[in-house]
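Please open the structure in a viewer and keep the sequence panel beside it.

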Amino acid sequence: MTYTPSKKDRILVTGGTGYIGTNLINRLNGYGFSYVYSVGSKDYNLTLENETSQMIKDIDPKVVIHLAAKHGNSNENASEPFEHLLQNIMISSNIFRACVKPKFLIEKLVCIGTACSYPASASMPLNEEDLWNGLPGGSTEGYGIAKRLPFILAEKAQKQYGFNA
């Protein structure tokens, strides 16, 4: 399914207050998109289903670009691997759950991956075909696994609902 947003469509960027999100929003604005909304963890707690749905209801976007994640430095990832994995699973699950609801009429959900999702043994430069050739490793293993989830959710949402992700 192809959907090309118009310059007047509402675009929501989760994780829009982070480094990539801030730069993406500047780029979208530079391309003339008039209604780009940025949310960060201070705006909505995306680990909670009701807050995630409320965000979608409040902003009423046609396009959602999902960048939000719980991540930290190597020490935090190593000392709290369960929390990082669980919170990232909840964030992505809640985003998809809210976006596939027919009452919200989301036209497109775009999810951004991370190099941390690739197997520890992957050679450089990274190649998309290698993503599923093993598990991520090191202190970002949980984060990397959780950031693979949107790819699986997108496939299943498209199959079950015809959703464009």
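Helices (H or I, at least four residues) and strands (E, at least two) are DSSP runs, numbered from the N terminus. This is a predicted model, in which local features need pLDDT of at least 70 and side-chain atom pairs count only at pLDDT 80 or more, while totals for chains, interfaces and linings use all residues. Residues are numbered from 1 along each chain as its sequence is written, and side-chain values use heavy atoms, with hydrogens and water left out.

Select Thr114, which lies in the loop between β4 and α5 (141–146). Thr114 counts as buried because its relative accessibility is 19%; buried means under 20% relative accessible area, exposed over 50%, and partly exposed in between (1.4 Å probe, protein chains only). Residues up to four places away in sequence aside, Thr114 touches Tyr143 and Lys147, where contact means heavy atoms within 4.5 Å.

Next, select Pro125, also placed in the loop between β4 and α5. The peptide bond that leads from Met124 to Pro125 is cis, and its omega is near -5°. Most residues other than glycine have a negative phi, and most peptide bonds are trans.

Move to Asp60, in the loop between α2 and β3. The phi of Asp60 is near 55°, a positive value in a residue other than glycine. Asp60 is partly exposed, at a relative accessible area of 44%.

Then select Ala69, in the loop between β3 and α3 (74–79). Which residues is Ala69 in contact with, leaving aside its neighbours within four places in sequence? They are Asn88, Ile91, Tyr143 and Lys147. Ala69 counts as partly exposed, with 25% relative accessibility. Leu46 is 23 residues away from Ala69 along the chain, and their C-alpha atoms are separated by 9.1 Å.

Display the strands. They form an open sheet of four, in the order β2-β1-β3-β4, with parallel pairing; two strands pair if DSSP finds at least two bridges between them. The edge strands, each pairing on one side only, are β2 (35–39) and β4 (108–111). On average, neighbouring strands of this sheet are turned by 15° against each other, direction ignored. Such angles run from 0 to 180 degrees between N-to-C directions, and the axes are lines fitted to C-alpha atoms, for helices over the stretch in contact.

Now select β1 (residues 10–14), which runs parallel to β2 and is joined to it by five bridges. Along this pairing, Ile11 stands opposite Val36, and Thr14 stands opposite Val39. Four of the five residues of β1 are buried, so this strand is largely enclosed by the rest of the structure.

Helix α1 lies across β1, β2 and β3 (63–66) and runs at about 165° to β1.

How many salt bridges does the structure hold? There are two, a salt bridge being a side-chain nitrogen of Lys or Arg within 4 Å of a carboxyl oxygen of Asp or Glu.

For one of them, select Glu49 and Arg97, whose side chains meet at 3.7 Å, N to O. Glu49 lies in helix α2 (residues 49–59) and Arg97 in helix α4 (residues 81–100), so this pair ties together parts that are 48 residues apart in sequence. Glu49 is partly exposed at 36% relative accessible area, and Arg97 is partly exposed at 45%.

Another salt bridge joins the side chains of Lys156 and Glu155, at 3.5 Å, N to O. Lys156 is partly exposed, with a relative accessible area of 43%, whereas Glu155 is exposed, with 51%.

Select Ile152, in helix α6 (residues 149–161). Its relative accessible area of 38% makes Ile152 partly exposed. Trp132, Phe151 and Ile152 together form a nonpolar patch on the surface, with about 290 Å² of accessible area. Patches are made of residues with over 30% relative accessible area and no salt bridge, with like charges joined within 9 Å and nonpolar side chains (Val, Leu, Ile, Met, Phe, Trp, Tyr) within 5 Å. Accessible areas come from the Shrake-Rupley method with a 1.4 Å probe; for residues, only the protein chains shown count as cover.

**Last stop: Thr2 and Asn164**

Finally, select Thr2, in the segment before β1. Thr2 counts as exposed, at 77% relative accessibility. Thr2 and Asn164 are 162 residues apart in sequence, and their C-alpha atoms are 7.8 Å apart in space.
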